[in-house]
Amino acid sequence: KMVRSFYVKYLCSKLYYVDDESPAPQIQGDYDLILDGFFQWPAEIEEVKNDVVKVLRAKLEALKISQKSANHVAIHIRRGDYITDKAASESHGFLGLEYYLDAIKILRENIEQPTFDIYTDDSEWVRDNILPIVPVNIVSERIADANLEFLSMFSYKNFITINTIIL
C-alpha cells in the first residue's frame, strides 16, 4: 500500500490517490481517482464523497453513459469469491436469494414500475434463481470491462448492492 501510494502521489500526475487512513486531497481538474481501502462507513467516505461523484460523473459524460431514469434499479450480485474463497466466504459470505428478493419487494413498494438491471459474476445463478420469479435484465454479460461496469452502475439512482439498499 505504501509503495502504491508513493507511486501515484509522486509519479503519476493525472491520478489522485486516496486511502482510508489519510486525509483526502482536494481534487481539481480532470484526474483519475484511486480509492484504496474499505470505506465501509459513511463517515469514512464523507470527506471524499463530492470529489468521487465529480470524477465519476465526468467519466460517465466522457463515455456517453447517460443517467438512468428514476424507476431503473441496478442490482449487484457478487457470488464468485464469496462462494469459492474460504476467507471471503467466512468474512463476507453470500447473502442468498432471500436477501435479493426482499430488497426487490421493498423497491417495488417504493418505486412505480421499476426495471431491474443485474450486474453479476454469476449469470447462470441469476437465470436459475431470480429470473423465474422477477423479470430482470442481465446487463453484465454485455460489459466486459469491470471499470466500465462500475461506471454503468453509477448511472442509476437506485441500487440493491451486496449489503445496502439505497432509495
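Okay, let's start with strand S4 and strand S5 (residues 137-138): two bridges join them, and they run parallel. Pairing here takes at least two bridges found by DSSP between the strands. Strands are DSSP runs of E with at least two residues, helices are runs of H or I with at least four, and both are numbered from the N terminus. In that pair, Ile118 stands opposite Ile138 in S5.

Quick housekeeping: this is a predicted model, where local features need pLDDT of at least 70 and side-chain atom pairs count only at pLDDT 80 or more, while totals for chains, interfaces and linings use all residues. Residues are numbered from 1 along each chain as its sequence is written, and side-chain values use heavy atoms, with hydrogens and water left out.

Back to S4. Together with helix H7 (residues 123-129) and S5, S4 makes a right-handed β-α-β unit. Right-handed means that, with the strands pointing away from you, the path from the first strand over the helix to the second runs clockwise.

S4 itself spans residues 115-120, and five of its six residues are buried. Buried is under 20% relative accessible area, exposed is over 50%, and partly exposed is in between, using a 1.4 Å probe and protein chains only.

Now the other neighbour. Strand S3 (residues 72-77) runs parallel to S4, with six bridges joining them. His72 stands opposite Thr115, and Ile77 has Thr120 as its bridge partner. S3 also pairs in the parallel sense with strand S6 (residues 158-160), over three bridges; there, Ile75 is partnered by Ile160. Five of the six residues of S3 are buried, so S3 is largely enclosed by the rest of the structure.

On to the helices. Which angle do helix H3 (residues 49-62) and helix H8 (residues 146-154) pack at? About 105°, with their axes 10 Å apart. The axes are lines fitted to C-alpha atoms over the stretch in contact, and angles run from 0 to 180 degrees between N-to-C directions. Angles from 65 to 115 degrees count as roughly perpendicular, so that's what we call H3 and H8.

H3 brings Val53, Leu56, Arg57, Lys59 and Leu60 to the contact, and H8 brings Phe150, Leu151 and Phe154; contact means heavy atoms within 4.5 Å. Those residues divide into six nonpolar, no polar and two charged.

Technical notes:
Angles under 35 degrees count as roughly parallel, over 145 as roughly antiparallel, 65 to 115 as roughly perpendicular and the rest as oblique. Ala, Val, Leu, Ile, Met, Phe, Trp, Tyr, Cys and Pro count as nonpolar, Asp, Glu, Lys and Arg as charged, and the others, Gly among them, as polar.
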